[in-house]
Amino acid sequence: MSLSERIEKQINDLSEFTSTPGEGTTRLTYSKEDLLTRNYIKNKMKEYGLKVQEDGFGNIFGKLEGTLKDAPSVLLGSHFDSVPNGGAYDGPAGVIVALEVAGLFAENQLTPKYPLEIIALIEEEGARFGGGLLGSRGIAGTLSEESFKNLKDKDGITTIEAMSKIGLDFSLPKRRNPNSIKAFLELHIEQGPILEEKNIPIGVVEAIVGLTQFEVTIEGKAGHAGTTPMDRRTDALVAAAQIISQLPSFAIEEGEGTVITTGRLDVLPNGANVIPNKVVFSVDVRSSKEEHINNVIRRMKELIESYQVQGIHTTAEQLLYMPPKILSNEIKDLLKDKSSDLEIPYCSIDSGAGHDAMVFSDVTDVGMLFVPSKAGLSHCPEEWSDARHLANGVQIFYEVAKCLTEVE
């Protein structure tokens with residue numbers, strides 16, 4: 001079986017672990033599908049001769065020891081959770097590419113000086129517990145144990161309860177000493193149309209946009225849909241709709257690629273004949289310039305506060321804030337050099353999506369590759385990338401990993 005065939009098989013294997021068969025990949029953190037996926041990944045790590053461990057968040061590590069005692073590791077990997085009804089490539093493609101790099105180390109019987117460590121990260125999407133990037137934030141120490149323990153899903157289940165249900169141990173070590181990490185490499189599908197339109201198989205990521213996520217709560221008063229006069233209503237949904245409708249103009253006025261999105265909306269009590277008394281919705285703001293993000297945040301808060309009239313109560317809680325990140329120049333140069341050596345065409349590209357790489361960039365040198373996404377589609381069942389492009393990523397990372405681990 002060729003490298004691209006092995007990659008395609010693993011993508012297809014992991015796509016089976018979904019709670020929505022035939023309707024895309026739904027793999028929420030600490031679910032039954034999570035457990036099936038992590039067992040698959042751990043078995044593949046063992047097959048490639050890696051020592052397997054998990055941490056107190058449920059992140060998975062497969063380590064090839066180096067000859068230098070207590071030396072920092074070169075980490076390769078991505079996440080394995082998904083959004084609801086998402087695609088098979090967002091996250092798992094990067095994990096599989098990392099595994100195949102380890103497979104080439106094993107196949108060629110290479111001995112590194114610095115350890116090679118393959119990692120599979122939890123809850124990057126934030127689809128179950130909100131905020132996102134939980135696995136990498138936990139490793140980097142920017143997510144405290146207390147904050148993690150207090151997280152709950154929409155059904156009120158805590159992270160600890162969910163972990164216990166699939167046999168994970170919260171008491172294991174969590175935060176990782178930055179001195180134990182030499183570098184972090186991540187491959188991801190582009191999730192946009194640029195590489196496909198340019199017909200270029202590899203993008204070397206220069207920078208990752210900054211992003212923030214808020215949870216906004218609007219509270220009013222419930223009432224009967226038929227017997228409450230229009231001038232006596234305190235309708236939380238009407239207030240929320242008016243706020244949401246004004247948000248896009250803030251991003252448009254900032255310009256330079258600034259974007260704002262409300263993607264989740266929960267209406268309570270959610271009855272067809274009941275005036276809503278509570279609405280909770282998400283706001284996601286992204287830009288390559290921090291000043292634009294901060295301007296949008298300020299205007300959004302002012303708008304939300306202005307609706308605290310006539311019995312309406314509003315709050316806006318910031319769940320996540322990540323400033324724009326410039327990736328390591330040294331590793332970018334290495335990625336470009338190895339792409340050229342392998343005669344794989346590439347271009348420089350910025351990432352409009354947040355990734356675990358942006359968290360790791362605060363604690364170590366980071367490099368990132370993109371591969372084309374068909375029609376630029378992502379976070380949907382139609383998401384697809386060519387396994388041959390992913391194989392290119394394996395070959396580039398293999399050469400870069402040999403340099404960074406100083407293979408003997």
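In which loop does Pro269 lie? Pro269 sits in the loop between β10 (265-268) and β11 (274-275). Helices (H or I, at least four residues) and strands (E, at least two) are DSSP runs, numbered from the N terminus. A cis peptide bond joins Leu268 and Pro269, with omega at about 0°.

This is a predicted model: local features need pLDDT of at least 70, side-chain atom pairs count only at pLDDT 80 or more, and totals for chains, interfaces and linings use all residues. Residues are numbered from 1 along each chain as its sequence is written, and side-chain values use heavy atoms, with hydrogens and water left out.

Turn now to helix α1. Helix α1 (residues 3-15) packs against helix α3 (residues 92-107) at an angle of about 135°, and their axes are 10 Å apart. That makes α1 oblique to α3. Axes are lines fitted to C-alpha atoms, for helices over the stretch in contact, and angles run from 0 to 180 degrees between N-to-C directions. Angles under 35 degrees count as roughly parallel, over 145 as roughly antiparallel, 65 to 115 as roughly perpendicular and the rest as oblique.

Which residues of α1 and α3 meet? From α1 come Leu3, Arg6, Ile7, Gln10, Ile11 and Leu14; from α3 come Pro92, Ala93, Ile96, Leu99 and Glu100. Contact means heavy atoms within 4.5 Å. By class, this contact of α1 with α3 has eight nonpolar, one polar and two charged residues. Ala, Val, Leu, Ile, Met, Phe, Trp, Tyr, Cys and Pro count as nonpolar, Asp, Glu, Lys and Arg as charged, and the others, Gly among them, as polar.

Helix α1 also meets α2. Their axes come within 10 Å and cross at roughly 150°. That makes α1 roughly antiparallel to α2. Here Gln10, Asp13 and Leu14 in α1 meet Thr37, Tyr40 and Lys44 in α2. The residues of this contact of α1 with α2 divide into two nonpolar, two polar and two charged.

Is Gln10 buried or exposed? Gln10 is buried, with a relative accessible area of 2%. Buried means under 20% relative accessible area, exposed over 50%, partly exposed in between (1.4 Å probe, protein chains only). Leaving aside its neighbours within four places in sequence, Gln10 is in contact with Tyr40, Lys44, Tyr48, Ile96, Leu99 and Glu100.

Asp34 lies in helix α2 (residues 32-47). Asp34 is buried too, at a relative accessible area of 2%. Its side chain makes a polar contact with the side chain of Arg38, at 2.7 Å. A polar contact is a pair of N or O atoms within 3.5 Å; within protein, one must be able to donate a hydrogen and the other to accept it, and residues adjacent in sequence count only if both atoms are side-chain atoms. Not counting residues up to four places away in sequence, Asp34 touches Arg27, Leu28, Thr29, Phe80 and Ile166.

Two glutamates remain. Glu123 is in the loop between β4 (116-121) and α4 (134-140). Phi of Glu123 is near 45°, a positive value in a residue other than glycine. Glu123 counts as buried, at 1% relative accessibility. Glu406 belongs to the segment after α12 (387-405). Its phi is positive, about 55°, although Glu406 is not a glycine. At 33% relative accessibility, Glu406 counts as partly exposed.
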